[in-house]
Amino acid sequence: MSSQPPFSDSLAFFASIGPTILSYRLDVATGSFTFEGRAADLPANVQYAWPHVSGRFLYVASSDGAPGLGIIGERHHLSAFAVDPATGALSPHGEPVPLPARPIHMTCDAPSRHALIAFSDPPALRVYQIAEDGRPRGEVEQREPIDPGIFPHQVRVAADNRLVILVSRGHDAKPDRPERPGMLSVFTYRDGQLTGQQRIAPDGGYGFGPRHLDFHPEGGWIYVALERQHRLDVFARVGDTVSPEMLFSRSTLESEDAVHQHPGPGPIHVHPNGRFVYVANRAPEILGDGHLPSYAGGGNSIVVYAIDAATGEPTPIQHVDSGGIHCRTFQIDPSATQLIAAHIVGLNIDGDPARFVPAGLSFFRIGEDGRLSQFRFHEIATGGHQLFWTGMVPLSGGDGRE
């Protein structure tokens, strides 16, 4: 059950709209993308999800809380769904496990024996058991205390299952409060236990606001997207620790006069071949006017960096429009030939003429040189919710239909 599923050209692609997960079928070889239906309904809005390493189960963190409001709402859960290997259909697998607050990110460890969940407010990192049959179980009590930092936003487990990193963003200074520093918390990981916390916080974490990271497939470098500084920083892994100082730091902006384009970088993925890294710049800047929010300007782009094979140094080679507004998640398919960027909301854009940019998915081909070229946009009606998470699971090949 813990073995990696075989590669398949046929994928189940999932997208969450509020508490609902929609299912699509993506065929990489033919390029077809077909809506399959409403796959699952959660107790509350989907926050993040992660597939079991076998591809047989999908774990979903949901909440009726809202960003920045602490323990608001009453429904916070970790739910499991069995994935039909032929069709991608989801069915509930066991009872949802209650969570203490709104989860912001989650992952599974390498063998999918535990789910690790990050909570932003109040900040925390918690570990939950996954039974042999794939059902989620209770929390694993930690032997050592955890300092989660300020506003955790992501947790990741290294491919060798020996190291966990919690990414804590911190906060920019405001008129009524000073800057609150960010940091990376590095843990030695063994069978659900997080120990030996190491804090990576250059300059005390001031001017260091990481949001997401990804590991190089060869394991030696860690690429970190800094939301508050519009940067991509690179750190080295040294055994089960991380170098305290960055190796390289590169802007995610095409020009420095674009620094007003907030809120900055979000999702980041290293290409499976280790030669490129992709970072999404997000700039929603919403001006509310009742039920018709509008776009106040700023850049929404995906930045492509070439990685030096000897040093890990990233060099920007392309800034491409992401094809929509506020790319919160994007995925690279298992064949590494397509990148799919998800834009959370549709917005009005002022101009002559004014226009509406819908929420939806931008499809890019990934060239041999790592560069992106968009070939499709798939609009998704969000009905007042947000397209908050996307993910995919390989299918077994046959469509399982009569």
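## Two loop residues with positive phi

Ala-336 is found in the loop between strand 28 and strand 29 (338–343). Its phi is near 60°, a positive value in a residue other than glycine. With a relative accessibility of 11%, Ala-336 counts as buried, because the cut-off for that label is under 20%. Please keep in mind as you look around that this is a predicted model.

His-326 lies in the loop between strand 27 (314–321) and strand 28 (327–332). Phi of His-326 is near 60° too, again a positive value in a residue other than glycine. The relative accessibility of His-326 is 11%, so His-326 counts as buried.

## The chain as a whole

Stepping back, the chain has 34 strands and zero helices. Of its 402 residues, 57% count as buried. The chain exposes about 16,400 Å², and carbon and sulfur atoms supply 50% of that area.

How much of the contact between residues at least 6 apart in sequence joins residues at least 24 apart? The share is 52% of those contacts.

## Aromatic pairs and charges over rings

A search of the whole structure finds six aromatic pairs. One of them joins Phe-13 and Phe-33 in an edge-to-face arrangement, 5.8 Å centre to centre with 75° between the planes. Phe-13 belongs to strand 1 (residues 10–17) and Phe-33 to strand 3 (residues 33–41), so this pair ties together parts that are 20 residues apart in sequence.

The charged end of Arg-328 sits over the ring of Phe-388, 3.7 Å from its centre. Arg-126 lies over the face of Phe-119, at 5.8 Å from the ring centre.

## Nonpolar cores

The largest nonpolar core holds 34 residues, and the members that touch the most others are Ile-21, Leu-58, Leu-78 and Leu-90. What does Leu-58 touch, not counting residues up to four places away in sequence? Its partners are Phe-14, Ile-21, Ala-49, Trp-50, Pro-51, Ser-79, Ala-80, Phe-81, Val-83, Leu-90 and Trp-389. A second, separate core has 16 residues, among them Leu-11, Leu-22, Phe-363 and Met-392.

## Around strand 11

Leu-125 lies in strand 11 (residues 123–130). At 7% relative accessibility, Leu-125 is counted as buried. Leaving out residues up to four places away in sequence, Leu-125 touches Ile-117, Ala-118, Ile-146, Val-155, Leu-166, Phe-187 and Leu-194. Leu-166 is 41 residues from Leu-125 along the chain, and their C-alpha atoms are separated by 7.7 Å.

Pro-122 is found in the loop between strand 10 (114–120) and strand 11. The peptide bond joining Asp-121 and Pro-122 is cis, with omega about 0°.

Gln-193 has its place in strand 16 (residues 193–200). Is Gln-193 buried or exposed? Gln-193 is buried, with a relative accessible area of 8%. The side chain of Gln-193 reaches the backbone nitrogen of Arg-143 at 3.0 Å. Aside from neighbours within four places in sequence, Gln-193 is in contact with Val-140, Glu-141, Gln-142, Arg-143 and Thr-188. Glu-141 is 52 residues from Gln-193 along the chain, with 8.1 Å between their C-alpha atoms.

Arg-231 lies in strand 19 (residues 231–238), and its side chain makes a polar contact with the side chain of Asp-233 (2.8 Å). Beyond neighbours within four places in sequence, the contacts of Arg-231 include Gly-207, Phe-208, Val-224, Met-246, Arg-250 and Pro-265. Ser-301, in strand 26 (residues 301–307), counts as buried at 13% relative accessibility. Not counting residues up to four places away in sequence, Ser-301 touches Val-279, Ala-280, Asn-281, Val-320, Asp-321 and Ser-322.

How values were computed:
Residues numbered from 1 in each chain as written. Predicted model: local features only at pLDDT ≥ 70, side-chain atom pairs only at ≥ 80, totals over all residues. Heavy atoms only, no water. Helix = DSSP H or I, 4+ residues; strand = E, 2+ residues; numbered from the N terminus. Buried < 20%, exposed > 50% of the residue type's maximum accessible area, 1.4 Å probe, protein only. Contact = heavy atoms within 4.5 Å. Areas by Shrake-Rupley, 256 points an atom, 1.4 Å probe, with all protein chains shown as cover. Phe/Tyr/Trp six-rings, centres within 6.5 Å; stacked < 30°, edge-to-face > 60°. Lys NZ or Arg CZ within 6 Å of the ring centre and 35° of its normal. Core = buried A, V, L, I, M, F, W, Y, C linked by side-chain atoms within 4.5 Å. Polar contact = N/O pair within 3.5 Å; in protein donor to acceptor, adjacent residues only side chain to side chain.
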